[in-house]
Amino acid sequence: MTDTAQFQRAFQTSVAEVRQRFIDRAAQQVQDLDDLMDRIETRPDDRAALEAATHLVHKIAGVATTLGFEHMGELANRAESMLIACAQPSGEATRAQALAAVETLTEELDRL
Amino acid sequence: MKILAVDDDDLALELLSSALRGAGYSDVTTATSGNEALDIVATTEKPFDAFLLDIRMPGIDGIELCEMLREMPRYASVPIVMITAMQERHFIDRAFAAGAMDYINKPFDPIELGVRIGIAERLSSQAHQVEESATEVALLKSRTGFGAEFKAEEPITIGDVARVISMTAMENYLLRLTYWMAIKSKSVVFSISGFRAIHAQCDPAEMYDILSDAAGAITDGLKYTNHLVTYVGDGQFVAVVNGPGSVLDAEILRSIQYEMDQSQPVLASGKSCPITLEMGEVYSPGLWSAPNRLNLLLCPQLTENRSTANAAGHRAAA
C-alpha cells in the first residue's frame, strides 16, 4: 500500500470515529437549535439567540461534509447564510426564510 | 514542526489533528478558544512553528488571534494558516491583511492540507533566511555600522506595515479568490525610480527603511480602498484592490508621492536620497484572463508604461 493510501485509510478511520460522535451529539444540537429558533421567533431582537444559532449551524457546516454528510453540509451552509443575512440591518433574508432553513437542517439532523 | 491548531469545535480539531498526523506532523497542540491559545503561547517552553486557526470562534476570533500573534516578534513571520468554512471575500481579505499566509476552506482535503502545510513550512524557512539578512542588518548597524546585503531583486517581506504581505501570502490570497472575486479586482505596480542605483549606495538597513517608508506611503494612499500590497523586489510593489472606491488614478499617485516627500531619506553618508514613485497601468482581469488569478500579481509587472506624480499631473492638466 502506498504512503498516500495508508494516510487516507488512517484518516478515514479517524473520520469514522468522529462521525459517531457527531451522530451522538446531533440530538442535543437539534434541541438547542429548536430552543434558539423559538426565542428568535418570539423575540426578533434577541441578538444573542441569533448569534448562538448562527454559531451552532456554523459548527455543523464545518465538519458535516468531511464526515460524509454532504447534503447536511449544504443545508447547514444555507442556514448559516440565511441567519447571517437575517442579522444584517438591511434584512436581506426574512426571519421566516432563516427559520425555514434551520428547520430543514434540524429535520436532516433528526434522521441521523 | 510544532503546530498549534485552534478551533472551538472539538470534532473539527480531531479531524485536523488526524490529518496532520497522517501528513507527518505529530507535534500538534490544540486549543478551543483564542484565549486558551494565547495562554498556551505565553507558557510554552518551545515556540510554535506554525498555527492553524479557525476564524469563527466566540470571544477572540481567528483573525484577531492572527493579528495578536503577528505582533509578537517571535511569530512575526511563522506560517499562520486559516482553516475555516467562511468563504466570503471580506473574511479572506481580512485574514490576509491580518497576516495569514494561507487560507484553507472546510471541508478540507487531508492530502491537500499536508501539502499546503509542507509548502508553508518550506517557504517560511526560505523567507526567514532572507528576512534575517534585512533585520539582523538593522541590529548590526545600530551596533557596528556594518551589515550583510540583500540583493536588489530579492522580494523581502516588509513586516512592519499594515496590509503589506509577503509574496507567498499574496499568491495564496489570489488563488483563494473565486472567478467573480477576481473579475472585481484590479492591480497596479508602484516602482521606486532608479531603484538599482539607490540600492547600490545604501546599506541594507537604509534600504529596508526606504522600502518600508514606500510601502507605508502606498498603503496610506490606498486607505480608502480595500487593498493588499506586496513587495516583489527591484523596488516594485504590487497593490491589489477591490470594492467600491477602488480607483487607481493620478490622484492616488500624487497622494502617495506627497506622503513620501514628507520624509525623504538622508543616508548615513550625509547624502540625501529623494525617492520618486512611478505607477504602472492598472490591470483589470477580463472574462477570459480572470481564471488565472495570479495575473493580478504578474501582469502589472510586465507593463512598460509608468508615470510619476509630476508627469501624471501634467497629463491630467493637458
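Between chain A and chain B there are 5 salt bridges. The model is a predicted one, and a search of the whole structure finds 19 salt bridges over all chains.

**The interface between the chains**

- Chain A places 24 residues in contact with 23 residues of chain B.
- About 2100 Å² is buried between chain A and chain B, and 63% of this area is on carbon and sulfur atoms.
- On the chain A side, the residues that lose the most area to chain B are A:Phe7, A:Phe11 and A:His58, which together account for 29% of what that side buries.
- A:Ser14, in helix α1 of chain A, is buried because its relative accessibility is 11%, under the 20% cut-off.
- Beyond its neighbours within four places in sequence, A:Ser14 is in contact with B:Ser18 and B:Arg21.

- A network of salt bridges links A:Arg21, A:Arg25, B:Asp9, B:Asp10 and B:Glu14.

**Salt bridges within a chain**

- In chain A, the closest N and O atoms of the salt bridge between A:Glu108 and A:Arg111 are 2.5 Å apart.
- A:Glu108 is buried at 18% relative accessibility, whereas A:Arg111 is exposed at 60%.
- In chain B, B:Asp61 forms a salt bridge with B:Arg94, with the closest N and O atoms 3.9 Å apart.
- B:Asp61 lies in the loop between β3 (50-53) and α3 (62-70), and B:Arg94 in helix α4 (residues 89-97), so this pair ties together parts of chain B that are 33 residues apart in sequence.
- B:Asp61 is buried at 16% relative accessibility, while B:Arg94 is partly exposed at 34%.

**Nonpolar cores and surface**

- The largest nonpolar core has 54 residues, and A:Phe22 and A:Leu105 have the most contacts inside it.
- Helix α1 (residues 3-42) of chain A supplies the largest share of this core, 11 residues.
- Apart from this core lies another, of 44 residues, including B:Met86 and B:Tyr283.
- Leaving aside neighbours within four places in sequence, the contacts of A:Phe22 include A:Ile60, A:Leu109 and B:Leu11.
- B:Trp180 belongs to helix α7 (residues 179-183) of chain B and is exposed, with a relative accessible area of 54%.

Key: Residues numbered from 1 in each chain as written. Chains lettered and ligands numbered in written order. Predicted model: local features only at pLDDT ≥ 70, side-chain atom pairs only at ≥ 80, totals over all residues. Heavy atoms only, no water. Helix = DSSP H or I, 4+ residues; strand = E, 2+ residues; numbered from the N terminus. Buried < 20%, exposed > 50% of the residue type's maximum accessible area, 1.4 Å probe, protein only. Core = buried A, V, L, I, M, F, W, Y, C linked by side-chain atoms within 4.5 Å. Contact = heavy atoms within 4.5 Å. Buried area = accessible area lost by both parts, 1.4 Å probe. Salt bridge = Lys/Arg side-chain N within 4 Å of Asp/Glu carboxyl O.
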